Structure formats: structure tokens, C-alpha cells
Amino acid sequence: MKTAANKGLAVERVAELAMQLGGRHLADYGATRSRHDFTQRQLMACLILRAYLKTTYRGVLELLAVSPPLRQRLGLGGKLPHFTTLQKFSARSKVLEIADAMIQTIGRAAGRQISEPSAAAMDATGLETTTASAHFQCRRGGQRRRWVKISAVVLCGSLLPLGLVMAWGPTNDKCQAQALIAKAQTAAVPDKLYADAGYDAEWIHVQCREQWGVESVIKAAVRRADGQLGGRWRSGMTDNYLKR
């Protein structure tokens, strides 16, 4: 019961934060002649809850229907939006831009709280565009042509995001690195940035160390026959340095 209560409180806090951040980036209504049943930040908060709970449009509305405290956080009464309303709202091109701006706001707030030596980590992962598993698609003879690729920089420990870039995969991790680091630069200046060998490139070290002012720690991939590492900063990524 205690665990369920804590989870419910966490969901309510996510809803409250979504409403606060949405108010900074969204007008109340998308059109002057709309029915004005629900504000844009209420709809955006529903989408954020849907992503947080990893559920469907119907699923998040079913939760709202049985949770008066959650509806209160969103400023919703007895009337709830139809699932197609959420679906159409999520299809708008500006929704992703607004979500990115909200993430940047969280990142800058996290950056202002840094008072001790801190570190950040950079990595990427792929997300399926369908609920069908990769195993099921393989068994039915389908092919995975592309997927959603999320690249992120987060503060170690809290995992609060400093920057996020979304693209279509498969692509090399370095393809999104420049834009990703540029976003993180506007949020905070940690002491170190950790990344795996997928980000091994001299220009990434240069962007981190000379432009951002952050010590980049990236495992180098040996590409030369003599085993030497080229580049001013890459050459310093020795086993002893990485271990220390």
C-alpha cells in the first residue's frame, strides 16, 4: 500500500510539474474559435503522463477517470478529453519542440543547483515505433528499417537531463553529438563528461574541453596499426587515465 501511495504521489508531482512548465511555453488555447474545453497545457500534461506511465491514450484517460487528486492537479473537472483529442494534439509539429524546451528548462534548473564537483554522462538508445516486439517482427518476416533514436546528456546521480536530441536510427552516435553537447552547454557546466567509444572523436573532445569547459572522458578506439591514438585530446585517453 505504501509503495502504491508513493507511486501515486510521484505521478501527481509529474502532473504538477508538467502544468507549471507548460504554462511557460504554451498559450491557453490553440485557436480563438476553438471550444475551449481544455487548455493546451492540460493536453500537454496528459501526453507527458502517458509517456511517464508508458501507457496508451486510453490508458492515461482511464487513470484520470478514477483519480480525483490527479485531475485536480491538472485542473480537470468531471469532463475529460477524448483519446482522439490527445492523439491529434500529439501529432502537431510544435509538440516535440515544446517538450524539448521543457527539458531544457529542467536542465538549467538542475545546472543552477550544482555546487560540488559533478559529472555528466552521454549516451544514446533506440525506441521502437510500434508495440510489436523485435522478436515478433522477425518471426513474421518483417524487417526493422528504422527506429526512434534518443541521445541524451544527464547529470550523474540525479539523472536530470541537460540535453536531448531525437533522430531516426540507425545512425552513428556521433551524428547527434554536436547538437546534443550544444544543448547541454546552455544548461550547466559539470566537471566531467563520460561517454563510451561510440563518441570517440577529436572534435568531440575539442567541443567539450575548449568550448564547454568540461573534461571529456571517452574511451578511445584504436584505429592505427601501431596502436597509437591520434589527436591532442584522444592521445590522452590511455588505459591508466581512464582507470584513474
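1. The secondary structure of the chain amounts to 10 helices and 5 strands, and it should be kept in mind throughout that this is a predicted model. Taken along the principal axes, the C-alpha atoms fill a box of roughly 70 × 55 × 45 Å. Of the 244 residues in the chain, 35% are buried. Among the contacts with a separation of 6 or more, 58% are between residues 24 or more positions apart.

2. Helix α2 deserves attention for its packing. Two packed helices are described by the angle between their axes and the distance between the axes. The axes of α2 (residues 40-53) and α6 (residues 94-112) come within 12 Å and cross at roughly 75°, which makes α2 roughly perpendicular to α6. On the α2 side the contact involves Met44, Leu47 and Ile48, which meet Val95, Ile98, Ala99 and Met102 of α6.

3. Helix α2 also packs against helix α5 (residues 83-90), at an angle of about 95° and with the axes 10 Å apart; α2 and α5 are therefore roughly perpendicular to each other, since angles of 65 to 115 degrees count as such. The residues that make this contact are Gln40, Leu43, Met44, Cys46 and Leu47 from α2, together with Thr85, Leu86, Phe89 and Ser90 from α5.

4. Which residues of helix α9 (residues 202-212) are buried? They are Ile204, His205, Gln207, Cys208 and Trp212. Seen down the axis of α9, these buried residues fall within an arc of 160°, so they line one face of the helix. The elements that cover them include α8 (177-185), β4 (192-195) and β5 (215-218). Just after α9, Gly213 takes a positive phi of about 80°.

5. Within α9, His205 may be examined on its own. His205 has a relative accessible area of 0% and is buried because that value is under 20%. If its neighbours within four places in sequence are set aside, His205 is in contact with Glu210, Ser216, Ile218, Trp233, Arg234 and Met237.

6. Arg50 lies over the face of Tyr57, at 4.0 Å from the ring centre, while the charged end of Arg58 sits over the ring of Phe83, 3.8 Å from its centre. For pairs of aromatic rings, by contrast, the count comes to 0.

7. Some backbone details are worth checking by eye. Most residues other than glycine have a negative phi, and most peptide bonds are trans. Lys54, in the loop between α2 and α3 (57-65), is not a glycine and yet has a positive phi of about 55°; with a relative accessible area of 77%, Lys54 is exposed. Leu159, which is found in the loop between β2 (147-155) and β3, likewise has a positive phi, of about 65°, although it is not a glycine, and Leu159 counts as exposed at 58% relative accessibility. A cis peptide bond, with omega about 5°, joins Gly169 and Pro170, and Pro170 lies in the loop between β3 (161-169) and α8.

8. A last point concerns Pro68, which is found in helix α4 (residues 68-73). Is Pro68 buried, exposed or partly exposed? At a relative accessible area of 48%, Pro68 is partly exposed. Pro68 and Ile150 are 82 residues apart in sequence, and their C-alpha atoms are 34 Å apart in space.

Notes: Residues are numbered from 1 along each chain as its sequence is written. This is a predicted model: local features need pLDDT of at least 70, side-chain atom pairs count only at pLDDT 80 or more; totals for chains, interfaces and linings use all residues. Side-chain values use heavy atoms; hydrogens and water are left out. Buried means under 20% relative accessible area, exposed over 50%, partly exposed in between (1.4 Å probe, protein chains only). Helices (H or I, at least four residues) and strands (E, at least two) are DSSP runs, numbered from the N terminus. The arc is that of the directions from the helix axis to the C-beta atoms. Contact means heavy atoms within 4.5 Å. Rings of Phe, Tyr and Trp (its six-membered ring) pair if their centres lie within 6.5 Å; planes under 30 degrees apart count as stacked, over 60 as edge-to-face and the rest as tilted. A charge sits over a ring if NZ of Lys or CZ of Arg is within 6 Å of the ring centre and within 35 degrees of the ring normal. Axes are lines fitted to C-alpha atoms, for helices over the stretch in contact, and angles run from 0 to 180 degrees between N-to-C directions. Angles under 35 degrees count as roughly parallel, over 145 as roughly antiparallel, 65 to 115 as roughly perpendicular and the rest as oblique.
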